[in-house]
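This report describes one protein model, going from its strands and sheets to its side-chain pairs. The sequence and coordinates come next.

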Amino acid sequence: MARRWLNSVDVEVGENGAPLFDVAGCATLAGGTKTVASVSTPEPLVAISTPCRFVWIGALVDGDGNPLNTKPCFVGDSADQNIPILPSNYEGVVIRIDDASKLYVKVGVNNQGVVYRVFA
């Protein structure tokens with residue numbers, strides 16, 4: 001057997017030290033567009049508690065994939081929003097979280113925002 005070094009792997013283990021695996025699929029997905037009215041006030045991604053497995057968040061784009069935002073948006077928790085979503089980031093980011101309402105969006109220009117999908 002050959003051994004290979006992986007730069008970084010996060011593995012969740014149980015109380016007995018055995019690795020835990022998440023192989024269940026998602027039963028539902030929902031999504032939409034989140035626009036934020038003011039640059040001075042970050043807003044929750046969704047208004048009510050939304051249990052989930054993970055959330056995909058990307059930049060607003062038009063039907064041809066052209067950016068609609070003029071500055072980056074930032075995603076994070078209620079205290080700090082420091083994960084950038086650049087205007088051209090149509091690939092988005094995936095955040096593993098148990099409730100989508102824990103995510104907040106901050107914008108660089110009033111009334112800009114993100115698109116999202118919540119996987120539950």
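Which residue is the bridge partner of Thr 35 in β8? The bridge partner of Thr 35 in that strand is Gly 113.

## Basis of the values

The model is predicted, with local features taken at pLDDT of at least 70, side-chain atom pairs counted only at pLDDT 80 or more, and totals for chains, interfaces and linings using all residues. Residues are numbered from 1 along each chain as its sequence is written, and side-chain values use heavy atoms, with hydrogens and water left out.

## Overall content

The protein chain has zero helices and eight strands. Helices are DSSP runs of H or I with at least four residues, strands are DSSP runs of E with at least two, and both are numbered from the N terminus. Along the sequence the pattern reads β-β-β-β-β-β-β-β.

Of the 120 residues in the protein chain, 27% are buried. Here buried means under 20% relative accessible area, exposed means over 50%, and partly exposed lies in between (1.4 Å probe, protein chains only). Among contacts in the protein chain with a separation of 6 or more, 76% come from residues 24 or more positions apart; a contact means heavy atoms within 4.5 Å.

Two strands pair if DSSP finds at least two bridges between them.

Strand β8 (residues 112-119) is joined to β1 by eight bridges, and the two run antiparallel. Besides the Thr 35 pairing with Gly 113, Val 36 has Gln 112 in β8 as its bridge partner. Six bridges join β3 to β8, again antiparallel, and Gly 58 has Val 115 in β8 as its bridge partner. Six of the eight residues of β8 are buried, which leaves this strand mostly covered.

Ala 30 lies in strand β1 and is partly exposed, at 44% relative accessibility. Leaving aside neighbours within four places in sequence, Ala 30 is in contact with Tyr 116, Arg 117 and Val 118. Ala 30 and Tyr 116 are 86 residues apart in sequence, while their C-alpha atoms are 8.3 Å apart in space.

## The sheet with β4 and β5

Another open sheet of four strands has the order β2-β7-β4-β5, also with antiparallel pairing. Its edges are β2 (43-44) and β5 (81-85); each has a single partner strand, so one side of each has no neighbour in the sheet. Strand β4 (residues 73-76) is joined to β5 by four bridges, and the two run antiparallel. Cys 73 is opposite Ile 85 in β5.

## Aromatic rings

A pair of aromatic rings is described by the distance of the centres and the angle of the planes. Rings of Phe, Tyr and Trp (its six-membered ring) pair if their centres lie within 6.5 Å; planes under 30 degrees apart count as stacked, over 60 as edge-to-face and the rest as tilted. By this rule there is one aromatic pair. The ring centres of Phe 54 and Phe 119 are 4.7 Å apart and the planes are at 20°, so the pair is stacked. Phe 54 is in strand β3 (residues 54-59) and Phe 119 in strand β8, so the pair links parts of the chain 65 residues apart. Phe 54 is partly exposed, at 23% relative accessibility.

The charged end of Lys 106 sits over the ring of Phe 74, 5.4 Å from the ring centre. This term requires NZ of Lys or CZ of Arg within 6 Å of the ring centre and within 35 degrees of the ring normal.

## Salt bridges

Side chains of opposite charge can pair when their charged atoms come close. A salt bridge is a side-chain nitrogen of Lys or Arg within 4 Å of a carboxyl oxygen of Asp or Glu, and a search of the whole structure finds two.

Glu 43 and Lys 34 form a salt bridge, 2.8 Å from N to O. Glu 43 is partly exposed, with a relative accessible area of 21%, whereas Lys 34 is buried, at 16%. Asp 98 forms a salt bridge with Lys 102, with the closest N and O atoms 2.8 Å apart. Asp 98 is partly exposed at 47% relative accessible area, and Lys 102 is partly exposed at 43%.
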